[in-house]
Amino acid sequence: MGETGMHKVLVSACLLGQPVRYDGQSKGIVSDWLNALGAEGRALAFCPEVAGGLPTPRPPAERQGELVVTISGLDVTTEFDRGAELALGLCLAQGIRFALLKEGSPSCGSGRIYNGRFEGVSMTGEGKTTALLRRHGIQVFSEDQLPELASALSLAATAAGS
């Protein structure tokens, strides 16, 4: 089988077990399917927050409209926007049309994010990176949507005629 249909997926590094989350932890998910994708060299680990220049560990941050601020009120929007742009750049360079990103994150949330008041209350919304990728036609899935992602990839492979 040639390169056709071998779609790569941008994956939040924390979901692949890399300790890059704000608290210095990972959120590695146990998935044979994801492991197989990684073994085929098709899962590209990326953390927009680290790429954008933020340290690990780092203070918790939440979206407040278009801004992202830390719990102490520091504006980290620039770093979050830079991370989103770098994620998009990687997708465009690699021809990536699918992403698996950490739900709830101010960068990567695809269905929900925290409400910006640091109360541990989430609301419907998306993170900065997810929003930018979606504006460029990249499909974003959360770790709760592995079957949907697998199905989208398989449809894309069929369409590519592999």
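Is N115 buried or exposed in this structure? The model examined here is a predicted one, in which local features were considered at pLDDT of at least 70 and side-chain atom pairs at pLDDT 80 or more, while totals for chains, interfaces and linings use all residues. Residues are numbered from 1 along each chain as its sequence is written, and side-chain values rest on heavy atoms, with hydrogens and water left out.

N115 is buried, because its relative accessible area is 13%, where buried denotes under 20% relative accessible area, exposed over 50%, and partly exposed the range in between, as computed with a 1.4 Å probe on protein chains only. The residue is placed in the loop between β6 (112–114) and β7 (122–124); helices (H or I, at least four residues) and strands (E, at least two) are DSSP runs, numbered from the N terminus. A polar atom of the N115 side chain lies 2.9 Å from the backbone nitrogen of R117. When residues up to four places away in sequence are not counted, N115 touches E62, R63, V121, S122 and M123, contact being defined as heavy atoms within 4.5 Å.

The loop between β6 and β7 also holds F118, whose phi is near 55°, a positive value in a residue other than glycine. Most residues other than glycine have a negative phi, and most peptide bonds are trans. F118 counts as partly exposed, because its relative accessibility is 24%.

Strand β3 is joined to strand β4 (residues 67–70) by four bridges, and the two strands run antiparallel; strands are taken to pair if DSSP finds at least two bridges between them. Together β3 and β4 form a hairpin with two residues between them, and G65 in the turn has a positive phi of about 65°. Within this pairing, V68 of β4 is the bridge partner of R63, and T70 of β4 is the bridge partner of A61. A61, which is found in strand β3, is buried, because its relative accessible area is 15%. Apart from neighbours within four places in sequence, A61 is in contact with V68, V69, T70, V76, F80, P106 and F118. The C-alpha atoms of A61 and Q94 are 29 Å apart in space, the two residues being 33 residues apart in sequence.

A61 is also among the residues nearest the centre of the largest pocket, together with R21, Y22, S105 and P106, in a lining of 32 residues. The elements that give two or more residues to this lining are α2 (48–51), β3 (61–64) and β6. About 530 Å³ of space lies in the largest pocket, the volume being the space filled by probe spheres set on grid points that are joined across faces, edges and corners. On a 1 Å grid over the protein atoms alone, a pocket is an open set of points with protein on both sides within 12 Å along at least five of seven lines, and lining residues have an atom within 4 Å of a point. By class, the lining of the largest pocket comprises 19 nonpolar, five polar and eight charged residues, where Ala, Val, Leu, Ile, Met, Phe, Trp, Tyr, Cys and Pro count as nonpolar, Asp, Glu, Lys and Arg as charged, and the others, Gly among them, as polar.

S107, in the loop between β5 (98–100) and β6, is buried, because its relative accessible area is 0%. Leaving out residues up to four places away in sequence, S107 touches P48, E49, F80, G127, K128, T129 and T130. Helix α4 (residues 128–135) is itself mostly covered, with six of its eight residues buried, namely K128, T129, T130, A131, L132 and L133. Just after α4, G137 takes a positive phi of about 80°.

In helix α3 (residues 77–94), L90 is partly exposed, because its relative accessible area is 23%. Neighbours within four places in sequence aside, L90 is in contact with L10, L44, F46 and I96. The C-alpha atoms of L90 and G41 are separated by 15 Å, with the two residues 49 residues apart along the chain.

Technical notes:
Polar contact = N/O pair within 3.5 Å; in protein donor to acceptor, adjacent residues only side chain to side chain. 1 Å grid on protein atoms, 1.4 Å probe; cavity = no way out; pocket = protein on both sides within 12 Å on 5 of 7 lines; lining within 4 Å.
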